[in-house]
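Here's a quick tour of one protein chain, written for someone who likes to check the geometry alongside the text. Have the viewer open and follow along.

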Amino acid sequence: MRALFIGGTVDNSELDLDDGAPPRHYPPNTGSGHARYRLHHVGLRQSDTVYAVYAAPDLADGEVERVAEERGYARRFQAEPQVSE
């Protein structure tokens, strides 16, 4: 699974995550008690999560959706975006 970042200091960066459910925050444990990025949505292909979009905590949902669409994540991974709960 690929982690994709929007906003903050690592905007437009990517990294590989282990298979399974993506963590709700990234990094999962910062030591400070404050997450740097929150899971915004995932991309599903045939019930498998193929990417996870993480957003800086101060970004509005609409802005995250706009940027993700502009960058073409769903098209690139041939997946259907699903908002994280």
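S84 sits in the segment after β6 (80-83). This is a predicted model, so take what follows as computed from predicted coordinates. Leaving aside neighbours within four places in sequence, S84 is in contact with R24, L39, H40 and H41. Look at R38 as well: S84 and R38 are 46 residues apart in sequence, yet their C-alpha atoms are 9.6 Å apart in space.

H40 belongs to strand β4 (residues 37-45). Is H40 buried or exposed? With a relative accessible area of 4%, H40 falls under the 20% cut-off, so H40 counts as buried. Beyond the residues up to four places away in sequence, H40 touches V53, A55, D61, V64, E65, V83 and S84. Two of these, V53 and A55, fall within strand β5 (residues 48-55).

That brings us to β1, which pairs with β5. Strand β1 (residues 2-6) has 4 of its 5 residues buried, so it is largely enclosed by the rest of the structure. What does β1 pair with, and in which direction? With β5, β1 runs parallel, joined by 5 bridges; here A3 has A52 as its bridge partner. With strand β2 (residues 14-16), β1 runs antiparallel, and 3 bridges join the two. In that pairing, L4 stands opposite E14.

Now for Y26, which lies in strand β3 (residues 25-26). Y26 is partly exposed, with a relative accessible area of 22%. Its contacts, not counting residues up to four places away in sequence, are F5, L15, L17, R36, Y37 and Y54. Y26 and R36 are 10 residues apart along the chain, with 6.3 Å between their C-alpha atoms.

Most residues other than glycine have a negative phi, and most peptide bonds are trans. The peptide bond from Y26 to P27, though, is cis, with omega near -10°. P27 itself is in the loop between β3 and β4.

Q46 is not a glycine, but its phi is positive, near 50°. S47, likewise not a glycine, has a positive phi of about 70°. Here are the accessibility values for the residues visited so far:

| Residue | Relative accessible area | Class |
|---|---|---|
| H40 | 4% | buried |
| Y26 | 22% | partly exposed |
| Q46 | 72% | exposed |
| S47 | 71% | exposed |

Finally, zoom out to the whole chain. There are 2 helices and 6 strands, and reading along the sequence gives the pattern β-β-β-β-β-α-α-β. What radius of gyration does the chain have? The answer is 12 Å, which agrees with the value near 12 Å for a compact globule with 85 residues. Along the principal axes, the C-alpha atoms fill a box of roughly 35 × 25 × 20 Å.

Of the 85 residues, 33% count as buried. Among contacts with a separation of 6 or more, 53% come from residues 24 or more positions apart. The accessible surface comes to about 5400 Å², and 44% of that belongs to carbon and sulfur atoms. As for charge, the chain has 9 positive and 14 negative charges, whose mean positions are 3 Å apart.

Note on methods
Residues numbered from 1 in each chain as written. Predicted model: local features only at pLDDT ≥ 70, side-chain atom pairs only at ≥ 80, totals over all residues. Heavy atoms only, no water. Rg over C-alpha atoms; globule rule 2.2 N^0.38 Å. Buried < 20%, exposed > 50% of the residue type's maximum accessible area, 1.4 Å probe, protein only. Contact = heavy atoms within 4.5 Å. Areas by Shrake-Rupley, 256 points an atom, 1.4 Å probe, with all protein chains shown as cover. Lys, Arg positive; Asp, Glu negative; His and termini not counted. Charge placed at Lys NZ, Arg CZ, Asp CG, Glu CD. Pairing = 2+ DSSP bridges.
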